[in-house]
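Here are my notes on the model you sent. They are set out as numbered points, for reading beside the coordinates.

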Amino acid sequence: MEFDKNILSFLKPKLIEELNDKSLLKEFPKGTEILREAQYVKVLPIVLNGLVKVYSRFDEKELQLYYIEPAQSCVMTFYAALKNTPSKVCATTEEDSKILLVPVEYLPIWLKEYPDFNELFFNQFNLRYSELLDTIGHLLLDKMDKRLYDHIKKKTELTNSNSIKMSHSQLANELGTAREVITRVLKKLETDEKVVQNSGEIKIINDW
């Protein structure tokens, strides 16, 4: 199965052909766990279509780290693959996704032969580092109502929708807090006319 090569047009044509020949193109339904913590990485994912959530687990809580969007890969998986160490993160599809699975044995060769392949991961590292700084800033400066509002808004932007359908427990996991806190804060956001809730669906109706 071939993929739309325009998605990876920032890579050299020869490298794209190598990826097409030696990688596996696979479709994953929404909610599929494609990487578990402590699992050794055999393939490197490059998302072509859809959305993948990368997170860590602490006891029974999740800490969301970042999303992998189309034409992006996972810098944490990349590091684990190169060093042959167990993964420290989990990854699950947030939407039906089409993902190119690159066998890790080719990475050292392609990283030497194709400088633009290196650039892909340098850019990913810079992006994730910037997102980490933003997350720390939110944790230090923003109250939970602003954090929750921004989290919902980002998810709507990533899914090209004006609403999300998630349980309070799921949101609590992603924000590292308790379900009761999310329920209370969502009620406040409704009172402030920032969001509305209906049958598990949360919709943003006003800017912050």
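1. Glu33 has Thr92 as its bridge partner in S7. Leu35 is bridged to Ala91 of S7. In all, two bridges join S2 to strand S7 (residues 90–93), and the two strands run antiparallel. Strands here are DSSP runs (E, at least two residues), and helices are DSSP runs of H or I with at least four residues, numbered from the N terminus. Two strands count as paired if DSSP finds at least two bridges between them.

2. Before going on, the ground rules. This is a predicted model, where local features need pLDDT of at least 70 and side-chain atom pairs count only at pLDDT 80 or more, while totals for chains, interfaces and linings use all residues. Residues are numbered from 1 along each chain as its sequence is written, and side-chain values use heavy atoms, with hydrogens and water left out.

3. On its other pairing, S7 is joined to strand S4 (residues 52–58) by four bridges, again antiparallel.

4. What is the order of the strands in the open sheet? The four strands run S2-S7-S4-S5, with antiparallel pairing. Strand S2 (33–35) and strand S5 (61–68) are the edges, each pairing on one side only. Neighbouring strands are turned by 35 degrees against each other on average, direction ignored. Strands of a sheet pair through backbone hydrogen bonds, either parallel or antiparallel.

5. Look at the side chains of S7. Cys90 and Thr92 point one way, Ala91 and Thr93 the other way, and all are buried. Buried means under 20% relative accessible area, exposed means over 50%, and partly exposed lies in between (1.4 Å probe, protein chains only).

6. How many disulfides are there? The count is zero, taking a disulfide as a pair of cysteine sulfur atoms within 2.5 Å. The sulfur of Cys74 is 11 Å from the closest cysteine sulfur, that of Cys90, which is too far for a bond. Cys74 is buried at a relative accessible area of 1%. Cys90 is buried too, at 0%.

7. Now the helices. Helix H5 (residues 144–158) packs against helix H6 (residues 168–175) at about 105 degrees, with the axes 11 Å apart. Axes are lines fitted to C-alpha atoms, for helices over the stretch in contact, and angles run from 0 to 180 degrees between N-to-C directions. H5 and H6 are therefore roughly perpendicular. The classes are: under 35 degrees roughly parallel, over 145 roughly antiparallel, 65 to 115 roughly perpendicular, the rest oblique.

8. Which residues make the contact of H5 with H6? From H5 come Met144, Arg147, Leu148, His151 and Lys155; they meet Leu171, Glu174 and Leu175 of H6. Contact means heavy atoms within 4.5 Å. The set divides into four nonpolar, one polar and three charged residues. Nonpolar covers Ala, Val, Leu, Ile, Met, Phe, Trp, Tyr, Cys and Pro; charged covers Asp, Glu, Lys and Arg; the others, Gly among them, are polar.

9. Two backbone angles deserve a look. Asn160 is not a glycine, yet has a positive phi of about 50 degrees. Asn160 lies in the loop between H5 and strand S9 (163–165), and is exposed at 75% relative accessibility.

10. Ser199 is also not a glycine, and has a positive phi of about 55 degrees. Ser199 sits in the loop between strand S10 (195–198) and strand S11 (201–204). Its relative accessible area is 64%, so Ser199 is exposed.
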